[in-house]
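Work through the exercises below with the sequence and the model open. Each task is followed by a solution in steps.

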Amino acid sequence: MKVTVKYFGLVAEAADKSEEVMELKGQLTASDLKAQCLNGLSIADKDSVQIAVNQNLDDKINLKDGDEVALLPPFAGG
Amino acid sequence: MSRYDRQIKLKEVGPEGQEKLCNAKVLIVGVGGLGCPAAMYLVGAGVGKIGLMDHDKVDISNLHRQVLFQESDVGKPKALVAKEHLEKQNSEVQFESYEEPLTSDNAQKIISQYDVILDGTDNFETKYLINDACLLADKPWVFASIYKNEGQLSVFNYSDGPTYRCVFPKSTRQNISCEATGVLGVLPGILGTLQAAEVLKVILETGEVLSGKLKLINMMQASEQTIKINKRPEEIEKIRKEGISPVYIDCDLKYAEHWYLDVREVFEQPKPKGKKVLSIPLNDLTSRYQEIPNNQEVFVFCQSGKRSKNAIEILKNEFGFHNLKNVEGGIETIIDG
């Protein structure tokens, strides 16, 4: 299945892209995909990164073909 | 002709709406890039009372985005200067300035005196504090944060809606300020103005309030999207049960065998653990310099490396210390892990 992953804030920066289409094999939850996407990226606090699937905040949902996943770190600037 | 004629003409406002605005009290926590434009529009709209809270002073590097301030304001307290300028904009508005940080001690007392809270802060600790105090005082708050060219916006604790902890349950110490990352002045301008719009809708009880949703804006890509958020009842219950606790975000420092001197204010985060970490704020150095060892190397740090450099100058020139080393780049560069 194919899913689109959107990166935000310092995650986009660490991944050096704001979006990519990924080809996935087998059954994966949103948080499995997060772990896979963040693996190897230099982000100090990976737990704080939230996941939205099709514009809904949810990390436990099983992914399906065509899903759009967003990885959202908290921002603090003002 | 009334000052508010052009907005009273809207069916969403009308004379009744204007009455609601004139009776409303809004607290702006952090009068910076977000708080300045938000304050100007709320004052323009005739909100009855505005609280302006900021413990910081105007710096020349603020002027590109903190649009209330002028060159002659540099070095003066932001809350006070903002009040002076805004009084000239609309003398019908009542102002209160607070030249102090929001803390776990004063949060509930101050927040309970207002109807809506606008978050113009630049750190996670204060955002969680605003969240928890608003939850306990049953007040809605309008959140915004920026990172480089991106912004996040939402209204929390509105009409039994989700809270900040429902989106980001876990505190993080990754405070990354505009000072560190850079920002174009227009981005907090856009977000702060959107915050003012949400405050007005909350007061007027009209339109779609951005509650239960997190808006994400990318100014460079001219794109935005809205994420639906749900309540996490366990996060809300926990705060209701435990109340506000001071958010101390711990960290360990590399090279634990060294002596360190932290010249930040006591409320600044994260707080390093360890017996060889002295905490003496910059302004207290002249009265407490005897506490600092002078016979071995001491690493001096603050948030960015700027205040610690000043501290070393003072300690060297006035008290003869020659064993101090500045931590360039601030505390983030010496945190272990």
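**Exercise 1. Confidence.** What pLDDT does chain B average?

Solution. This is a predicted model, in which local features need pLDDT of at least 70 and side-chain atom pairs count only at pLDDT 80 or more, while totals for chains, interfaces and linings use all residues. Residues are numbered from 1 along each chain as its sequence is written, and chains are lettered from A and ligands numbered from 1 in the order in which they are written. Chain B averages a pLDDT of 93 (the predictor's confidence in each residue, from 0 to 100). A score of at least 70 is reached by 96% of the residues of chain B. For the model, ipTM is 0.94 and pTM is 0.83.

**Exercise 2. The contact between the chains.** How many residues does the contact take from chain A and from chain B?

Solution. Count residues in contact (C-beta atoms, placed from the backbone, within 7 Å): 18 residues come from chain A and 34 residues from chain B. Next, assign elements as DSSP runs numbered from the N terminus (helices H or I, at least four residues; strands E, at least two). In chain A, helix H1 (9-15), strand S3 (50-53) and strand S4 (56-57) each supply at least two residues of the side that touches chain B. Then sort by class (Ala, Val, Leu, Ile, Met, Phe, Trp, Tyr, Cys and Pro nonpolar; Asp, Glu, Lys and Arg charged; the others, Gly among them, polar): this side of chain A has nine nonpolar, seven polar and two charged residues.

**Exercise 3. A helix pair.** Describe how H3(B) and H9(B) cross.

Solution. The axes of H3(B), residues 35-45, and H9(B), residues 186-204, come within 7 Å and cross at roughly 35°. Their crossing is right-handed (near helix turned clockwise from the far one by less than a right angle). Among the residues making the contact are Tyr41(B) and Leu42(B) of H3(B), and Gly192(B) and Val199(B) of H9(B). By class, the contact has nine nonpolar, five polar and no charged residues.

**Exercise 4. Strand pairing.** In which sense, parallel or antiparallel, do S2(B) and S3(B) pair?

Solution. Strands pair if DSSP finds at least two bridges between them. S2(B), residues 49-53, and S3(B), residues 94-98, pair in the parallel sense over five bridges. Leu52(B) stands opposite Ser97(B) in S3(B).

Key. Two residues are in contact if their C-beta atoms, placed from the backbone, lie within 7 Å. Axes are lines fitted to C-alpha atoms, for helices over the stretch in contact, and angles run from 0 to 180 degrees between N-to-C directions.
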